[in-house]
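The sequence and the coordinates are shown first.

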2 protein chains.
Amino acid sequence: MNLETMKKRLKADAEEVELFLAHCLDEVDMPERLKESMLYSLLAGGKRLRPALCLAVAEMFGGRREDVLPFAAGLEFIHTYSLVHDDLPAMDDDDLRRGKPTNHKVYGEAMAILTGDALLTEAFGLMASCSTALPAERVVQAIAHAAFSVGAVGMVGGQVLDLAHTEARGAARKGSLDDLMEIHARKTGALICTSCVCGALLAGASQNDSEAVAAWAGALGSAFQIADDILDEVSDTATLGKPAGSDAAQGKTTYPALLGIEKSRELARQRADEAIAALAPFTGEHKDFLVALTNYAVERSF
Amino acid sequence: MNLETMKKRLKADAEEVELFLAHCLDEVDMPERLKESMLYSLLAGGKRLRPALCLAVAEMFGGRREDVLPFAAGLEFIHTYSLVHDDLPAMDDDDLRRGKPTNHKVYGEAMAILTGDALLTEAFGLMASCSTALPAERVVQAIAHAAFSVGAVGMVGGQVLDLAHTEARGAARKGSLDDLMEIHARKTGALICTSCVCGALLAGASQNDSEAVAAWAGALGSAFQIADDILDEVSDTATLGKPAGSDAAQGKTTYPALLGIEKSRELARQRADEAIAALAPFTGEHKDFLVALTNYAVERSF
């Protein structure tokens with residue numbers, strides 16, 4: 001699949017997901033200001049990569065988009081909650097996200113904390129709602145996988161390590177490549193990986209196939225993060241929607257800081273190749289889309 | 001069932017739940033400091049009322065304690081996360097909880113936010129893990145009920161309303177009884193209610209029986225909260241483990257502030273009687289325990 005076709009599908013996916021996000025709270029009897037704040041962050045843009053991955057993997061195993069869509073939206077709820085909480089003054093203290101003021105800048109700190117809490121909770125509600133269309137065994141298995149991946153072992157644990165390492169380096173040492181890879185695998189890799197694996201589980205993929213998906217997705221997450229680090233270093237603020245070079249300014253260890261830009265690009269390419277190799281057992285248009293997406297994940301930083 | 005027997009069972013339940021809580025993270029590969037912080041708040045005491053309710057209701061419908069225990073522990077994870085986040089400087093800004101420094105006083109604000117996030121996420125993982133022993137349909141139905149009850153409509157929504165009303169009253173008006181009842185129904189009632197309903201769902205209770213349980217639990221939650229408000233007003237700091245009268249000092253509307261102590265006690269008794277009436281269809285030792293517990297919920301404030 002060429003880049004153009006892949007981008008077109010990714011854009012159509014994003015539009016479908018956004019339409020769902022924009023209306024999934026319509027009938028919900030909740031405080032208006034909380035709804036406004038949740039929607040502010042849910043609809044602040046973004047590639048909707050995680051839902052797109054979940055949908056494409058499910059379709060590759062014969063699943064129906066409409067059956068998986070609420071789960072895919074739940075993954076975007078989780079991604080959004082993590083951004084809202086990471087931006088808080090007590091955490092990364094960011095004022096801008098995707099070119100717009102961060103949630104706490106608009107709604108205040110208390111509301112931003114609660115908005116994240118609500119997004120995380122409603123994510124599991126959306127996921128559970130899939131059992132109206134899909135076998136409950138699959139849904140509960142996917143929920144367990146997602147909870148494990150974004151909890152203490154995965155995403156939240158990664159943020160804890162990131163904060164600890166950033167503080168430690170502020171005082172003394174430079175993080176190692178191993179530290180960096182562990183932090184990224186947890187902080188951003190785990191949610192990307194579970195997005196893909198849950199697509200497989202929900203579509204009833206075999207254990208073997210789900211493991212192949214996990215191998216691809218693990219390498220994809222790594223490639224994606226290396227490319228993000230490169231982009232943070234080489235782009236300008238307008239392109240990023242946040243201050244360029246902000247990772248370095250905050251004393252965060254990045255791939256370019258450890259390896260230089262060229263070596264980082266090589267590593268990203270290597271990871272993408274590993275990822276694509278793991279997709280070898282599969283065929284068809286959805287597999288082709290996933291391959292094109294994996295290439296794009298690194299090539300955007302070249 | 002007399003008070004003595006009920007208290008003995010409640011204590012035994014609490015011990016069983018605490019043993020589970022103390023060890024459920026043993027094998028989990030997560031950052032040590034995060035584990036320490038989660039356990040600090042999980043094991044800071046408390047009556048373990050929500051798990052006890054979930055277990056007793058499940059047993060009333062023929063469920064086995066050991067099958068439901070991980071779900072019940074998940075409810076305590078959720079209760080604990082809500083306390084950690086509510087105590088944050090941006091929220092209620094409390095220094096003490098159950099006589100001990102609050103989480104953020106010990107671990108810092110960033111870690112307290114992440115600790116709450118991890119507790120909430122792991123709660124859903126624990127809940128989903130029940131599908132190894134129970135039918136997946138029941139587990140996913142209970143997860144959906146819990147997520148709805150503690151999300152934007154329920155617990156988080158209640159905290160949003162509470163903050164908004166406290167701020168508004170700081171400036172001008174005194175909250176009405178209706179406002180107060182709505183805030184409490186969401187903020188504390190919804191988690192108590194879902195603890196009971198999930199016990200019924202997990203044990204495979206009929207729709208009718210689950211509705212009777214919901215009616216009882218709704219009135220119980222209300223009775224419980226009125227009694228808590230009274231205790232906050234009449235107890236001393238040593239008994240409460242936090243500054244007595246702190247609700248009033250923070251400008252929060254309470255039942256005693258609106259109705260006086262005597263009328264508040266009457267209302268609590270009335271709610272408890274409504275609750276007990278809803279249990280009429282049921283019989284046996286577990287029902288007797290729930291009745292005794294309902295009486296105790298209000299009598300402790302007399």
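## Helix 1 of chain B

Helix 1 of chain B covers residues 3-23, a run of 21 residues, and its first and last C-alpha atoms lie 30 Å apart, close to the 30 Å expected at 1.5 Å a residue. The model is a predicted one.

The buried residues of helix 1 of chain B are B:Leu10, B:Asp13, B:Val17 and B:Leu21. Viewed down the axis of helix 1 of chain B, these buried residues fall within an arc of 75°, so they line one face of the helix. The other side of helix 1 of chain B carries the exposed residues B:Glu4, B:Lys8, B:Ala12, B:Glu15, B:Leu19, B:Ala22 and B:His23. The cover over the buried residues of helix 1 of chain B includes helix 2 (32-42), helix 3 (49-60), helix 4 (65-86) and helix 15 of chain B.

Leaving aside neighbours within four places in sequence, B:Leu279 is in contact with B:Trp216, B:Lys287, B:Leu290 and B:Val291. B:Ala215 is 64 residues from B:Leu279 along the chain, and the C-alpha atoms of these two residues are separated by 8.6 Å.

Helix 7 of chain A is mostly covered, with twelve of its 15 residues buried. Among them are A:Arg138, A:His145 and A:Ser149, together with A:Val139, A:Ile143 and A:Phe148.

The largest nonpolar core comprises 195 residues, and A:Ile143 and B:Ile143 have the most contacts inside it. Apart from neighbours within four places in sequence, A:Ile143 is in contact with A:Phe124, A:Met127 and A:Ala128, and also with B:Phe124, B:Ala128 and B:Ile143.

## Contact between chains A and B

Chain A and chain B each contribute 43 residues to the contact. On the side of chain A that touches chain B, helix 2 (32-42), helix 6 (109-129), helix 7 (136-150) and helix 8 (155-171) of chain A each supply at least two residues. Helix 6 of chain A gives the most to this side, with 13 residues. By class, the side of chain A that touches chain B has 29 nonpolar, eight polar and six charged residues.

Of the interface residues of chain A, 100% are also interface residues in chain B, so the copies meet through the same surface.

## A partly exposed residue in chain A

A:Ala257 is placed in helix 13 (residues 255-259) of chain A. A:Ala257 counts as partly exposed because it has 17 C-beta neighbours inside 10 Å. A:Ala257 and A:Arg9 are 248 residues apart in sequence, and their C-alpha atoms are 34 Å apart in space.

How values were computed. Residues numbered from 1 in each chain as written. Chains lettered and ligands numbered in written order. Predicted model: local features only at pLDDT ≥ 70, side-chain atom pairs only at ≥ 80, totals over all residues. Contact = placed C-beta atoms within 7 Å. Helix = DSSP H or I, 4+ residues; strand = E, 2+ residues; numbered from the N terminus. Nonpolar A, V, L, I, M, F, W, Y, C, P; charged D, E, K, R; others polar. Core = buried A, V, L, I, M, F, W, Y, C linked by C-beta atoms within 7 Å. Buried ≥ 20, exposed ≤ 12 C-beta atoms within 10 Å, placed from the backbone. Expected span 1.5 Å × (residues − 1). Arc of directions from axis to C-beta.
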